[in-house]
Every structure is written in C-alpha cells, then in structure tokens.
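Please open the model in a viewer and keep the selection panel at hand. The stops below say what to select next and what is to be found there.

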Amino acid sequence: MTDGNGPTTERARPRRLALWRTTTFRLTAIFVLIFVLFAVSLLGYIAYQSSILIQRQQLVDIERELGQLNREYQLGGTRALVLAIQRFARGPGPGIYFVADPSGVGIAGNVIDVPISVLEEPGQHTFAYERDRPSFGDEDPNRPEARGMALVRSFVLPSGYRVVVGRDIVERRSFAVIIFQAFFWGVIGIIVFSVIAGAISARRVLRRIDAIGATSRMIMTGDLGQRVPVTRRNDEFDGLATSLNAMLDRIEQLMQGMKDVTDNVAHDLKTPLTRMRNKVEAALRDDRDEDAAKRALESTIEECDHLIKTFNALLMIARVEAGTPASAFEQTDLSAVANDVGELYAPVLEDAGLDLKVEVPESLSLRANRELLGQALVNLLENAIKYVPRPDKGHSTVTIAAREAGENVILEVADQGPGIPEADRERVLERFVRLEKSRTEAGSGLGLSLVAAVAQLHKGRVEIDDNHPGAILRLILPRQTGETAA
Amino acid sequence: MKILIIEDDRDAASYLMTALDEAGHVTHHAGDGDTGYAMASSMDYDVLIVDRMLPRRDGLSIIESLRAENNKTPVLILSALGEVDDRVEGLRSGGDDYLTKPYAFSELLARIEVLARRSAPAEAATSYQVGDLSLDRLSRKVTRAEEDIQLQPREFRLLEYLMKHAGQVVTRTMLLENVWDYHFDPQTNVIDVHMSRLRSKIDRGQDNPLLHTIRGAGYMIRD
Ligand SMILES: Nc1ncnc2c1ncn2[C@@H]1O[C@H](COP(=O)(O)OP(=O)(O)OP(=O)(O)O)[C@@H](O)[C@H]1O
Ligand SMILES: [Mg+2]
C-alpha cells in the first residue's frame, strides 16, 4: 500500500472509529482506573488493619501468658516459674519463652540466645532469634530448628530473674504476604474484567453510532427515505434516533415540497411564458403599425403581471408550507378578520349579485398569523365570486361564519353555487388543480392550495362540505397554535 | 426631489434612475452597502430607496445605523422577499415602506412621493380641505359645499387617507395597506368598487369632480 492512496480510501469510505479513540472507551478506561484505585485502597486498608489487629492480638496473648507466669511465680517461686516456662516452651504454639538468672544466663526457654539489652531493659522489644533445638531437658529430635523475628516483652522478677515472652512476627509477615497476593490477583481480575466489560459495552455503543453514521451516508448519497434504526430498548440512543428520524421526515417533506414546486413551475409556468414569447415574436415580425405593436406590448405586460402573481402565490404557498417563524403569530381576533375582509369584499359580492352574511361572535381570539388568515378568507370569497353564477331571480347568499368548536376554532365560507363534487374535494386543494367546468374563469388553481397551507401552518386543516346546494369551505384551526408552530 | 438609490443590480438601478428623472426627480446611485451608507449619512436626501440584499452591507443594517444617528430621511425598502414577516422585519429596522420586487414603477413613484411628503410636519392636521370638500377628523364630519355627507366608518377612513395625500397619486395597494391594514394584492377590483361608492357620495351631481382615477396607477383627490 502506498502512502498516496491512503487518505483517498479513507475519505471514500469513512473508517470505523478505532476502539481506543472512542468516547465510550475513554469513559470505560477512566471508570476502570477509578475502580482499581478504589479497590487498591480498600484492600490496602483491610491488609493494614488486619496486620494491626494481629499484632494487637499477639500482644494480648503475650500479656496473658505473662500473667500466668506471674501467678506461677507468686505461688511457687522461681522453681514453679521455670517449670511453667519449660511447659510452655515444649508446647506446639508459636510462643517464644526464655528465662535467665540474675546474671543473665539462660536457664529455660526455647530460644538459644536473647540479646542482653532485652534482658536488661524490661518492656517491649523486637529482635532476631534462633529457636533452640530440643530445649533444656527436652529430647524431641523432630523439632525443627528455626530462626525469625520475635516480638517480646521482658521483665525482671523481684528475685532478679528475667522473663521473656514473645511471638514470632514472621508469621504475621507471611500473613501480610498472603493478603497482598490475594489483593494483587484481585486487582488483576478487576482490571481484566472491567476492560472486557468496557470493551463490550463500547462495542455495542459503537455499533449503534455506526448504524447512525451508515444511515447518514446512505442519505448523503441521495436516498432520503433511509431512517436510523430504532431499537425497543427506549434508551438515549433511541431518543436520538427518533428525533433524527423526525428531523429527516421534516426535511424529506420540505424537499418533496420543493420538488413539487419546481415540477409545477416547470409545467405550469412554461406554458404561459412560451405563449408570451410567441406573441412578442409575432409582434416583432409584422411591422404594420405602431398601434398594434403597442397593443402587443401592453398585453405582454398584462401576461407578465399574471405570471408574477402566479409566481408570488406559488412562493407564498411554499414559504407558508415551510413554516414561518412563530414571531409572525400574534393574538388575532378572528371575528375582526371576518368582519374586515367581509366589509372589504361586500361591494364586489354585491356587484356579482351575491348577498353577504357575516355570522361571527363578538370576538374570537386565537394566536395566528392575521395576514395569512385574511388572505385565506379572501381566496375563499374570490372563489365564491368566480364560481357562483349570478342568480336569475331570488337571492344567493355567501356566508362567512366563525365559531368555536371544542378545542378548535372554525372559519368557514358557505355559498349556494354549484358546489364541489365529493370526489374532487381533496384534489382541489392541490396546486394548479382546477375543475373542468371552471376553465372559463381566470385563475391558476392556487387559491385553495394557499388556504390549505395556511391551515397547515396553524396546525389545522381544510374541510370541504356540501351546503345543499353549494360549497362550504371550512378552516379548522386548533386554538393553541403559535408557540409551537414549526 | 433628491433621491438616493442603493441597489446593486445595475439594470434595475439605471431603469429606476431614468424613470425617476423623467418624473422630475434628481437621483444618485450607490452600488453597494458601504457606499450607500456613506452617501446617505453625508448628504441630504428627500427619500432613500434601499434594496434589502446588497453586497458588503445589507440594507436593513444601513437603515438601522442611519436611524441610530437620528437621520430621519424616509426610506423605501425594496426586496425580493415579500412575506409578512420580512415586511415586519423591514419596517421594524426603521424603514418607512416596503415594496416587493417586481413592482410597477407607478407604485414605487406613488409611494416615494407620499413618503417624501410624510417627512413634512403637516402630519397632525385635524381637518383637511380639498376644494369645497372638507373633512373634520375630530367630529368626523364631512361636508361638500356646506352640505353634510354621510359616510360609513371605512369610507371615512378612505377619504381621510386620500385627503391627507391630496394632490398625490395613491395606489390600490397603498389604500388596502393603510385603510384596511392588509398587505396582499387585491385580486379583483375590490378597491375600485369602494372608490366608486365613495365617488358617488362626494362627486355626484357636482360640476367639478374631486376624485380622479389615474390610469395605470391609482387614485388622486385634488381640486
Ligand atoms: N366555491 C366554489 N364553488 C365551486 N367550485 C369551487 C369553489 N371554490 C373552488 N372551486 C373549484 O376548485 C378549483 C380550485 O380553486 P382554487 O381557488 O384553488 O383555484 P382557482 O380559483 O381556479 O385559481 P386562483 O384561485 O389561483 O385564481 C377551482 O378551479 C374550482 O373548480
Ligand atoms: Mg381561487
């Protein structure tokens, strides 16, 4: 492998994270370290405390034996004392015994020699000793010779005899060694165990992070339908995966919206543009008179304006669908909106032969985008004006109504025109959809799409109903919108 | 009127300058935000036309700086963004009016003329007079040649707005914005119908009509 292609392969296929570089692994390592430190100090403390305990126990034993010897001495004098020491020394225990006459010459015991300083100064001492072979008068050949360290107490009897009683502390030391060994293996065990456990859990976590990474790479290659796997464990990773998926849903929805818009633009705006171009070209070609050219220009501007309007409507729908920031939401009186827009349109409706009725409560407030609600209402009224034929006789009424309905607020426009067939009620909310019978009227089929988008922005919906005869277009908006509007 | 146009699109700027020249105004042009700000703060203009998206420094920040220096020159913001919240943002930064591209020149002209006049202190008048038509804002009485005219509240506001800008062209969108407080394009002839009703109340049977329709632009009330 050459150095040159190293980085390229790395970029092409993102490497799995090296175990030792992951956060999880580092956390595990810290955890192991803390655990081991804790175990070491705990075990060390236990070892120390037990060795202290053993020493204290030895001192108690020594004290007890000294007491016994003292009693023997008081009852039977020096002779009884020497006998007792001989008895003790013969015993199998770990004890060390020695008695010397006032001149310091040993007369009984199980050690060969005791330093003079120990004999001279009563009290506690530690010294190296050599265990006597068969002690005085004892002919047991099996008794092993031994050396060691002794912890002793010595004292001088009133008669000048000196008594030394002690314990071997080598045993105590070997006990410490045993503890230390247990302790050592324990720590090794803990390290091995926690490293394994840490590595396994790190692997598991890594696998899930890798899964998220793999999904995101697939999405980057263009497959927006991919989702991060969610397990049933319901842990933090699932929480993360769920919100990532929700985000992806939203992005996909927005992308779809964008795609729809571009498709629509391609399809429905190209046609009028082409027509316009042809017209201008034709006007350029025949140079009959200036008037005709001027007329052609004027009609071009007119078509331009129409295009701009369509374009604006499309953009507005797209932006409303993408969601405006909630800052544009304000406490809005729906009744006021209905009254104002109604009043604005009343004369036009009247000219179209339609009566307008506005049925709203005194006030009906909700958090909403007032402008957009007004625009939606305008679109509905303009549809009524366009699609309700002028009545030959009698009245045809258009009703704007607003009311509360449980959690929701309803704003509706009802007319007595031809109505919208049940089969078309969903379709008609889509962009550029115009029903066959409406082709004679001007329009681009975007009015209701905006109404639907406005409803969606307010987390509500549009419902189309039959007014027997006529159409009812109903905006159903939850009262509590605004703050949470995306 | 002396007008500064801060706009980076050369074609749009030169079109505007020619058209405003023809309408009898003096125009200066700045092609980026820094130059625009320097010119606006060092010279006296009657109106600034500021594009929102500019190289080097965006339009809203220019306006904010000017306002912070207590420069009260009326500003018309031009923008390709037309959403409600964009407009709100624009006006909040200190702009006086907001126009979305593409726009009709007549609309822009009407708006800057109203803006320039707005800076004159005739603002707080309590009554308006155009010919023999008078409107009292306090008693809400309207008379023409000494005769009372009964108006609906909205008609009153419509007339009030027109008379406040007597002699100036007022477009349909301006009326919708200022009288109804909505910012959408009226799709049909909504405003025209209201105007014809108002006209029938104040001009019917009079020899010299005061309310005039300006073709391709809007309305004007004048003697
Ligand atoms: N009140 C109504 N009565 C009968 N049909 C209606 C009514 N409102 C809408 N429609 C039908 O729904 C179609 C879609 O309406 P929409 O408002 O979306 O578009 P448009 O009115 O054709 O064009 P635009 O509103 O963009 O100018 C209309 O073409 C019409 O066929
Ligand atoms: Mg419509």
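**A nonpolar patch on the surface**

Begin by selecting Phe180(A), Phe184(A), Trp185(A), Ile188(A), Val192(A), Ile196(A) and Ile200(A), which form a nonpolar patch on the surface with about 710 Å² of accessible area together. As at every stop on this tour, what is displayed is a predicted model. Ile200(A), one of the patch residues, belongs to helix α4 of chain A, residues 170-220. Ile200(A) has a relative accessibility of 49% and therefore counts as partly exposed, since the exposed class requires over 50%.

**Chain A as a whole**

Now select chain A. Its secondary structure comprises 9 helices and 12 strands. Of its 486 residues, 38% are buried. The chain exposes about 28100 Å², and carbon and sulfur atoms supply 58% of that area. Among contacts between residues at least 6 apart in sequence, 64% join residues at least 24 apart.

**Strand β5 of chain A**

Select residues 162-168 of chain A, which make up strand β5 and include Arg162(A). Is Arg162(A) buried or exposed? Its relative accessibility is 13%, so Arg162(A) counts as buried. Showing the surroundings of Arg162(A) brings up contacts that include Phe98(A), Asp101(A), Leu119(A), Glu120(A) and Phe155(A), with neighbours within four places in sequence left aside. A C-alpha to C-alpha distance of 9.6 Å separates Arg162(A) from Val105(A), although the two are 57 residues apart in sequence.

Because Arg167(A) lies in strand β5 and Glu65(A) in helix α2 of chain A (residues 23-90), the pair ties together parts that are 102 residues apart in sequence. Arg167(A) is buried at a relative accessible area of 6%, and Glu65(A) also counts as buried, at 9%.

**Further salt bridges**

Over all chains, the count of salt bridges is 40. For another in chain A, select Asp238(A) and Arg208(A), whose side chains meet at 2.9 Å, N to O. This pair links distant parts of the chain, with Asp238(A) in helix α5 (residues 236-285) and Arg208(A) in helix α4, 30 residues apart. Both Asp238(A) and Arg208(A) are buried.

In chain B, select Glu107(B) and Arg111(B), which form a salt bridge at 2.8 Å, N to O. Because they are 4 residues apart in helix α5 of chain B (residues 105-118), about one helical turn separates them. Glu107(B) is buried, with a relative accessible area of 13%, and Arg111(B) counts as buried at 2%. Return to chain A for a network: Arg403(A), Glu412(A), Arg461(A), Glu463(A), Asp465(A) and Arg474(A) are joined into one by salt bridges that share partners.

**Chain B as a whole**

Select chain B next. It has 8 helices and 12 strands, and 51% of its 223 residues are buried. The accessible surface of chain B comes to about 10300 Å², of which carbon and sulfur atoms hold 47%. Among its contacts between residues at least 6 apart in sequence, 56% join residues at least 24 apart.

**Where the chains meet**

Display both chains and select the residues in contact between them: 23 of chain B with 24 of chain A. Together the chains bury about 2400 Å², with 54% of it on carbon and sulfur atoms. How many salt bridges cross the interface of chain B and chain A? The rule finds 5. Arg370(A) and Asp181(B) form a salt bridge, the closest N and O atoms being 3.6 Å apart.

In soluble globular proteins, nonpolar side chains tend to be buried together. For the last stop, select Tyr345(A), Leu133(B), Leu159(B), Leu175(B) and Ile221(B), which touch the most other members of the largest nonpolar core, a set of 92 residues. Helix α8 of chain A (residues 370-387) gives the most to this core, with 9 residues. Centre the view on Leu175(B): not counting residues up to four places away in sequence, it touches Leu158(B), Tyr161(B), Val170(B), Trp180(B), Ile191(B), Met195(B) and Tyr219(B). Apart from this core lies another, of 17 residues, among them Val50(B), Leu60(B), Ile63(B) and Tyr98(B).

Methods:
Residues are numbered from 1 along each chain as its sequence is written. Chains are lettered from A and ligands numbered from 1 in the order in which they are written. This is a predicted model: local features need pLDDT of at least 70, side-chain atom pairs count only at pLDDT 80 or more; totals for chains, interfaces and linings use all residues. Side-chain values use heavy atoms; hydrogens and water are left out. Patches are made of residues with over 30% relative accessible area and no salt bridge: like charges are joined within 9 Å, nonpolar side chains (Val, Leu, Ile, Met, Phe, Trp, Tyr) within 5 Å. Accessible areas come from the Shrake-Rupley method with a 1.4 Å probe; for residues, only the protein chains shown count as cover. A salt bridge is a side-chain nitrogen of Lys or Arg within 4 Å of a carboxyl oxygen of Asp or Glu. Helices (H or I, at least four residues) and strands (E, at least two) are DSSP runs, numbered from the N terminus. Buried means under 20% relative accessible area, exposed over 50%, partly exposed in between (1.4 Å probe, protein chains only). A nonpolar core is a set of buried Ala, Val, Leu, Ile, Met, Phe, Trp, Tyr and Cys residues joined through side-chain atoms within 4.5 Å. Contact means heavy atoms within 4.5 Å. Buried area is the accessible area (1.4 Å probe) that two parts lose on being put together, summed over both.
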